[in-house]
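Here is a short walk through one protein model. Keep the sequence and the 3D view side by side as you read.

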Amino acid sequence: MSVVTVYAVFADHDEAERIGRAMIEQRLAACINILQPCQSIYRWDGAVETATETPALFKTTLERSDTLVAAIAEMHAYEVPSIVVWPIAKLSEPYAAWVDDAVG
């Protein structure tokens, strides 16, 4: 079993919560941590833009991560959402077993 973190950025807290809850209900993620709003600066359609967004961290298994990424993207408001899978170098065995059970 290999646990990963999926990092995603949402338009606001409500979107993060709505999508996060759906991912938990579908057993694609064991949990989601919705973080404080952040300021993002990015290039879009040739212009530099600034936006307040809400980042979130999902915990899942590597085996479920492709399905999770696709499901988040499907529900996401953005045309090109930021959804990234990060490996986890080390974690406690009980936590890894819980994640595996939660998405299994």
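R27 is partly exposed, because its relative accessible area is 39%, and partly exposed covers the range between under 20% for buried and over 50% for exposed. The model is a predicted one. R27 sits in the loop that links helix 1 and strand 2. Its backbone deserves a look. R27 is not a glycine, yet its phi is positive, about 60°. Most residues other than glycine have a negative phi.

Find D45 in the loop between strand 3 and strand 4. These strands form a hairpin with two residues between them, and D45 takes its positive phi there. D45 counts as exposed because its relative accessibility is 72%, and the cut-off for exposed is over 50%.

Step back to helix 1. It spans residues 13-25. How many salt bridges does the structure hold? The count is one. Its partners are R21 and E17, and their closest N and O atoms are 3.8 Å apart. Side chains of opposite charge can pair when their charged atoms come close. Both residues belong to helix 1, four residues apart, which is about one turn of the helix. How covered are the two partners? R21 counts as exposed, because its relative accessibility is 51%. E17 counts as partly exposed, because its value is 33%.

Now turn to the strands. Start with strand 1, residues 3-10. Is strand 1 mostly covered or mostly open? It is mostly covered, with eight of its eight residues buried. In a regular strand the side chains alternate between the two faces of the sheet. Strand 1 can be read that way, face by face. On one side are V3, T5, Y7 and V9, and on the other are V4, V6, A8 and F10. All of these are buried, so both faces are covered, where buried means under 20% relative accessible area.

Strand 1 has a partner in strand 4, residues 47-61. The two pair in the antiparallel sense over eight bridges. A8 has A56 as its bridge partner in strand 4. F10 stands opposite T54 in strand 4. Strand 1 also pairs with strand 5, residues 83-87. This pairing is antiparallel too, with five bridges. Look for V6, whose bridge partner in strand 5 is V85.

Follow strand 4 to its other pairings. Strand 2, residues 31-34, runs antiparallel to strand 4, and four bridges join them. Here N33 stands opposite L57 in strand 4. Strand 3 pairs with strand 4 as well, in the antiparallel sense, over seven bridges. In this pair, Q39 stands opposite T52 in strand 4.

What volume does the largest pocket have? It is about 290 Å³. Of its 13 lining residues, the closest to the centre are Y42, W44, E53, Y78 and V80. Strand 1, strand 3 and strand 4 each supply at least two residues of the lining. Which strand gives the largest share? Strand 3 does, with four residues.

Y42 is in strand 3. Y42 is partly exposed, because its relative accessible area is 32%. W44 lies in strand 3 too, within residues 38-44. W44 counts as partly exposed, because its relative accessibility is 34%.

In sequence, Y42 and S82 are 40 residues apart. In space, they are 11 Å apart, C-alpha to C-alpha.

Conventions
Residues are numbered from 1 along each chain as its sequence is written. This is a predicted model: local features need pLDDT of at least 70, side-chain atom pairs count only at pLDDT 80 or more; totals for chains, interfaces and linings use all residues. Side-chain values use heavy atoms; hydrogens and water are left out. Buried means under 20% relative accessible area, exposed over 50%, partly exposed in between (1.4 Å probe, protein chains only). Two strands pair if DSSP finds at least two bridges between them. On a 1 Å grid over the protein atoms alone, a cavity is a set of points where a 1.4 Å probe fits but cannot get out, and a pocket is an open set with protein on both sides within 12 Å along at least five of seven lines; lining residues have an atom within 4 Å of a point. Grid points are joined across faces, edges and corners, and a volume is the space filled by probe spheres set on the points. A salt bridge is a side-chain nitrogen of Lys or Arg within 4 Å of a carboxyl oxygen of Asp or Glu.
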